[in-house]
Amino acid sequence: MNEETLLILENLKKYFSIEYREKGLFKKTHYLKAVDSVNLEIFKGETLGLVGESGCGKTTIGKMIVKLITPTSGKIVLNGKSILSLEKRELSEYYRKVQIIFQDPYSSLDPRFTVGRTIMEPLIINRWGNPKERKAKVVQLMLDVGLREEYFMRYPHEFSGGQRQRIGVARALALNPDLVVCDEPVSALDVSIQAQILNLMVDLQEKYKLTYLFISHDLGIIKHVSNRIAVMYLGKIVELADNEKLFSNTLHPYTKALLNAIPKPNPKLRGDNMILQGELPSPINTPSGCSFHPRCPYIMDICRKREPEFLETEKNHKVKCHLYS
């Protein structure tokens, strides 16, 4: 293991069982493969961007990391310890080290709690400091995320979406975590506010020495904040590369389609006009061979028959595609 490695996902799977009656009286069980054999490393101090269209399984990975969902199989290893076999005391320590920022900045806040109590709640649960020390820490966190001290006794409904997300960010940082899972933290915000929150998160990462797993469906946002980028399709990682390499030497056809979908400020700057046909296949009945082959413009016979390997085509650049095998 690399000494700078913070978190490892090893052959991680999450299958949801679905029972329904087909023709006849008996129920039949099918499995929705939300995450299927994902292997990833997250290094200390970096931002790993996880990108893909809705339904690809990226949020499920984030929820498994923070233990909101239990994996079907595989390993999640933080600082050399598998989190799936932790005892109760060790589990409490893990929850302090790993936090999450949710997508919806309103539903993730308790409407009965003031801003101060919302941010202070993790400190109370973990018995951190005395009341005076807790309040001082909360006030400092509020100032760090751009909230005034006089907001301490106000309630979530009194704030805008951007301000609510700042509250969520402050709450996630209350226990000085090692890793923060950012589950599309700006997708519910106005475009004018998105840049403010993204820049805030970059500044906070440097100040608090944070590591981010940044989940988004928008490659433009991922490019702005990430050191490395993992592209996900139908429960699998199909391309993994450093930020610059992914955009300068895009390999997987799906990644190329995502790049082509980014709006360009100058209409004369056209991409390669690669537009995906059809919808994301059902994760209950995934295609044989390469899962992307029903929508791929470069399909070959082998794509229908055999799943491609995840190969390193150049240093720090891996792709799962028969075009490069």
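This is a predicted model: local features need pLDDT of at least 70, side-chain atom pairs count only at pLDDT 80 or more; totals for chains, interfaces and linings use all residues.
Let me start with a term: a helix crossing is called right-handed if the near helix is turned clockwise from the far one by less than a right angle, and left-handed if anticlockwise.

First, the overall picture. The protein has 10 helices and 12 strands. Its C-alpha trace spans about 70 × 60 × 45 Å along the principal axes. Is the radius of gyration what a compact globule would have, or something else? For 325 residues, a compact globule would come out near 20 Å, and the protein has 21 Å, so the two agree. As for burial, 47% of the 325 residues count as buried. And if you take contacts between residues at least 6 apart in sequence, 63% of them join residues at least 24 apart.

Now to the helices, and I'd like to begin with H3, residues 115-125, and H4, residues 131-144. These two pack at an angle of about 120 degrees, and their axes are 9 Å apart. Angles from 65 to 115 degrees would count as roughly perpendicular, and H3 and H4 are therefore oblique to each other. With our opening term in hand, H3 passes H4 in a right-handed crossing. Who makes the contact? On the H3 side we have Val-115, Gly-116, Ile-119, Met-120, Leu-123 and Ile-124, and on the H4 side Arg-134, Lys-135, Lys-137, Val-138, Leu-141 and Met-142. Sorted by class, that contact of H3 with H4 has eight nonpolar residues, one polar and three charged.

H3 has another partner to show you, namely H5. Here the axes come within 7 Å and cross at roughly 25 degrees. That makes H3 roughly parallel to H5, because angles under 35 degrees count that way. This crossing is right-handed too: H3 passes H5 with that hand. From H3, the residues Val-115, Thr-118, Ile-119 and Pro-122 meet Ile-167, Ala-170 and Arg-171 of H5. Five residues in this contact of H3 with H5 are nonpolar, one is polar and one is charged. If you have the viewer open, do look at Val-115 and Ile-119: both are in the contact with H4, and both are in the contact with H5.

Let's follow H5 onward, then. H5, residues 161-173, packs with H6, residues 191-208, at about 15 degrees, and the axes are 11 Å apart. That makes H5 roughly parallel to H6. Their crossing is right-handed. H5 contributes Gly-162, Gln-165, Arg-166, Val-169 and Leu-173, while H6 brings Ile-193, Gln-196, Ile-197, Leu-200, Leu-204 and Tyr-208.

Last stop, a single residue. Where does His-217 sit? You'll find it in the loop between strand E8 (211-216) and helix H7 (219-225). His-217 has a relative accessible area of 41%, so it is partly exposed. Leaving aside residues up to four places away in sequence, His-217 touches Val-51, Gly-52, Lys-58, Glu-184 and Ser-187. Compare that with Glu-150: His-217 and Glu-150 are 67 residues apart in sequence, and their C-alpha atoms are 36 Å apart in space.

Technical notes. Residues are numbered from 1 along each chain as its sequence is written. Side-chain values use heavy atoms; hydrogens and water are left out. Axes are lines fitted to C-alpha atoms, for helices over the stretch in contact, and angles run from 0 to 180 degrees between N-to-C directions. Helices (H or I, at least four residues) and strands (E, at least two) are DSSP runs, numbered from the N terminus. Angles under 35 degrees count as roughly parallel, over 145 as roughly antiparallel, 65 to 115 as roughly perpendicular and the rest as oblique. Contact means heavy atoms within 4.5 Å. Ala, Val, Leu, Ile, Met, Phe, Trp, Tyr, Cys and Pro count as nonpolar, Asp, Glu, Lys and Arg as charged, and the others, Gly among them, as polar. The radius of gyration is taken over C-alpha atoms; the globule rule is 2.2 Å times the number of residues to the power 0.38. Buried means under 20% relative accessible area, exposed over 50%, partly exposed in between (1.4 Å probe, protein chains only).
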